[in-house]
Amino acid sequence: MKIFITGGTGFIGSALISELRDCRITVLSRDPARASEQLGSHVQAIGDLDQLASFDGYDAVINLAGEPIINKRWTPRQKALICESRWQITRQLVAKIQASAQPPHTFISGSAVGIYGDQHNTVIDEHFDIPAHVAADDFAHHVCQQWENIAREAESDATRVCLLRTGIVLAKHGGALAKMLPPYRLGLGGPIGDGKQYFPWIHLDDMVRAITFLLHTQDAQGPFNMTAPDPIPNKVFSRTLARTLHRPHFLFTPAFALKLALGESASLLLEGQRAIPMKLTTLGFEFHHRHLSQALTDLLSH
């Protein structure tokens with residue numbers, strides 16, 4: 001297969017490209033030379049989407065680009081950057097797909113479980129009635145909803161669209177877990193706030209396998225919860241991580257301290273979604289890492 005990928009140098013994108021080593025890959029990167037060095041000489045890197053008139057000849061487009069949403073306070077400028085880093089590139093990709101005489105058969109585009117807002121203990125699958133239960137001014141929801149709306153414009157009789165409503169991707173050398181490990185290894189880890197908020201996680205291996213599954217499953221389309229079948233509250237996640245590392249677990253991060261440090265963006269840590277991957281499992285996808293204790297042992301034992 002010939003595949004075009006944005007966000008290919010990120011920790012999900014680079015793991016995906018490694019999995020797709022038998023495919024012909026083109027990545028979009030602000031630094032093509034660095035991307036080629038990082039990803040391998042078999043990957044073609046371009047610095048500008050305008051180098052392609054269309055996506056004729058490509059079998060699929062996978063869109064993983066976007067400014068990290070949690071790293072900084074949500075100032076007006078940072079909010080604009082978070083939105084436009086997702087929406088603008090998605091608009092450009094959709095336009096290229098629409099301009100193709102023979103468009104790619106599959107467009108896989110990012111999103112996140114944040115589209116559901118804070119739903120406490122409610123079990124959420126892909127058929128959850130979002131407009132009835134989520135405030136339109138919820139920022140994470142707004143970002144994802146518009147992102148998905150733009151991506152859906154690529155849908156046609158020739159092109160199916162899959163939307164990745166991604167949870168917290170666990171990997172030893174990237175993402176949220178890598179940032180958590182130092183304090184936990186020092187015995188300073190603990191739940192966030194009251195710890196009751198659900199933590200919709202997925203092992204990086206299953207994330208990559210699920211994307212490739214969607215790539216090859218012709219009946220797959222629409223939104224997919226990219227989360228393990230066993231979401232757990234934050235306090236259970238925290239206790240399990242400490243136990244896996246053989247460290248004490250008696251501290252916690254109070255909600256007021258997070259709000260003081262992160263402002264509005266603290267909501268991403270203090271709220272949660274009990275999201276389950278109903279559509280993936282219905283289509284026959286099998287998770288290698290269904291339960292957190294086994295997933296953490298796999299990630300941290302080597």
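Predicted model: local features only at pLDDT ≥ 70, side-chain atom pairs only at ≥ 80, totals over all residues.
Q: Hi! Which residues touch the most other members in the largest nonpolar core?
A: Hi! Those are Leu-214 and Met-226, in a core of 35 residues.

Q: And which helices and strands supply at least two residues each?
A: On the helix side they are H1 (11-19), H2 (32-39) and H7 (204-216). The strands are S1 (2-6), S2 (24-28), S4 (60-63), S7 (160-166) and S11 (222-226).

Q: Where does the largest share come from?
A: From H7, which gives eight residues to this core.

Q: Let's switch to aromatics. How many aromatic pairs are there in the whole structure?
A: The search finds eight aromatic pairs.

Q: Which residues do ring pairs link into a cluster?
A: Phe-4, Phe-55 and Tyr-58 are linked into a cluster by ring pairs.

Q: What about charges over rings? Which ring does Lys-79 lie over?
A: Lys-79 lies over the face of Phe-139, 5.0 Å from the ring centre. There is also Arg-86, whose charged end sits over the ring of Trp-147 at 5.2 Å from its centre.

Q: How many salt bridges does the count come to?
A: Five salt bridges. One of them joins the side chains of Asp-50 and Lys-96, at 3.9 Å from N to O.

Q: Where in the chain are Asp-50 and Lys-96?
A: Asp-50 is in the loop between strand S3 (44-46) and S4, while Lys-96 is in helix H3 (residues 76-98). They are 46 residues apart, and the pair links distant parts of the chain.

Q: And is each one buried or exposed?
A: Asp-50 counts as exposed, with 63% relative accessibility. Lys-96 is buried, with 15% relative accessible area.

Q: What does Glu-148 pair with?
A: The side chain of Glu-148 meets that of Arg-165 in a salt bridge, 2.8 Å from N to O. Arg-165 is in strand S7 and Glu-148 is in helix H5 (residues 139-152), 17 residues apart. Both Arg-165 and Glu-148 are buried.

Q: New topic: cysteines. How many disulfides does the search find?
A: Zero disulfides in the whole structure.

Q: How far is the nearest cysteine sulfur from Cys-23?
A: The sulfur of Cys-162 is the nearest, 16 Å away. Cys-23 is buried, with a relative accessible area of 14%.

Q: And what about Cys-83?
A: Cys-83 is in no disulfide either, and the nearest cysteine sulfur, on Cys-144, is 9.7 Å away. Cys-83 is buried too, with a relative accessible area of 8%.

Q: Two last spots. Where is Thr-240, and is Thr-240 buried or exposed?
A: Thr-240 is in helix H8 (residues 234-244). Thr-240 is buried, with a relative accessible area of 7%. Leaving aside neighbours within four places in sequence, Thr-240 is in contact with Leu-292, Ser-293 and Leu-296.

Q: And Arg-91, what does Arg-91 touch?
A: Not counting residues up to four places away in sequence, Arg-91 touches Glu-84, Gln-146 and Ile-150. Arg-91 lies in helix H3 and counts as partly exposed at 39% relative accessibility.

Terms used: Residues numbered from 1 in each chain as written. Heavy atoms only, no water. Core = buried A, V, L, I, M, F, W, Y, C linked by side-chain atoms within 4.5 Å. Buried < 20%, exposed > 50% of the residue type's maximum accessible area, 1.4 Å probe, protein only. Helix = DSSP H or I, 4+ residues; strand = E, 2+ residues; numbered from the N terminus. Phe/Tyr/Trp six-rings, centres within 6.5 Å; stacked < 30°, edge-to-face > 60°. Lys NZ or Arg CZ within 6 Å of the ring centre and 35° of its normal. Disulfide = S-S within 2.5 Å. Contact = heavy atoms within 4.5 Å. Salt bridge = Lys/Arg side-chain N within 4 Å of Asp/Glu carboxyl O.
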